[in-house]
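Subject: Structure handover

Hello,

Here is the structure I promised to pass on. Please open it first, then read the notes below.

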Amino acid sequence: KMNCWRRHRVHAQDLCDLRPSLQDAAAKKSENDDLVAKLFRQIETGFRRRDHEYAKQIFMANCVVAGNGGKSITYLPKEKLQTVLANFDILVDENEVQHLCLESDSSRDSINGVYFDEFELVLRRTTRLEEWIGSLPLTQVIADAFPRKTGIDLLRSAIDLSPDESSAFFEALQPTIERVLRSALAQLKEAFRITDSHGRADGGCKFSIATLSCGQISDFHAGIEARIGAPSLS
């Protein structure tokens, strides 16, 4: 009986020792789930940011209609611009808002705000991160992942995938994209490290120049060809 009691006591102590680690694991999982949910929301916001009809809807819900020289002018006022842009995950301060309004054609009409076409341009303005990602061979990687079918045009075969082929396509694509991004991020991190070290070495001189290398010339040519097509020699 004494030995049995001791075994139960040890087992209970083991469970108590496990409790903090289980709590930590649960907390980490909760944090990760929250982060994943946040990133999904960012992605959905990106889709809305590139949706012309949705952008128009938001603009019209916040716009002001004013008369100017006998004509009606519809614009998004300066005091609403910062809040509306924040809903699209575009964060600007007061100085940037003022700059956008001064750049606007509306400033010539004595209107302190932006017109819809200018608002949409702000929504679709390319960020440095997007430019960097655009230099990566993701287009080629996605095309390489599509199943090939003998005697069928590659583009047509992409729309004729069976459910099993579609599942295999996405399963193969996910780790491949992750591999490309992890490698590119490591190169970018090293490039920033070199740039930062140059800045420290010259004391942060205002006119110092450091080269930020994120790829090779072949990557640049491939990116240009993917966007505008192969050069024509005819």
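What percentage of the 234 residues of the protein chain count as buried? The figure is 19%. Bear in mind that this is a predicted model.

First, the overall layout. The protein chain has ten helices and three strands. From the N terminus on, the order is α-α-β-β-α-α-β-α-α-α-α-α-α. The accessible surface is about 17900 Å², and carbon and sulfur atoms account for 56% of it. Take the contacts with a separation of 6 or more: 52% of them join residues 24 or more positions apart.

Next, helix α2, which spans residues 52–62. Its buried residues are Ala55, Ile58 and Phe59. Seen down the axis of α2, they fall within an arc of 100 degrees, so they line one face of the helix. The general rule is that an α-helix has 3.6 residues a turn, so residues three or four places apart point the same way. Glu53, Gln57 and Ala61 are exposed on the other side of α2.

What covers the buried residues of α2? The cover includes β2 (71–77), α3 (78–86), β3 (113–114) and α5 (116–123). Look at the start of α2 too. There, a side-chain oxygen of Asp51 comes to within 3.0 Å of the backbone nitrogen of Glu53.

Last, Ile133. This residue sits in helix α6 (residues 128–134). Its relative accessibility is 33%, so Ile133 counts as partly exposed. Ile133 and Leu181 are 48 residues apart in sequence. In space, their C-alpha atoms are 8.7 Å apart.

Best wishes

Terms used: Residues numbered from 1 in each chain as written. Predicted model: local features only at pLDDT ≥ 70, side-chain atom pairs only at ≥ 80, totals over all residues. Heavy atoms only, no water. Helix = DSSP H or I, 4+ residues; strand = E, 2+ residues; numbered from the N terminus. Buried < 20%, exposed > 50% of the residue type's maximum accessible area, 1.4 Å probe, protein only. Arc of directions from axis to C-beta. Contact = heavy atoms within 4.5 Å. Polar contact = N/O pair within 3.5 Å; in protein donor to acceptor, adjacent residues only side chain to side chain. Areas by Shrake-Rupley, 256 points an atom, 1.4 Å probe, with all protein chains shown as cover.
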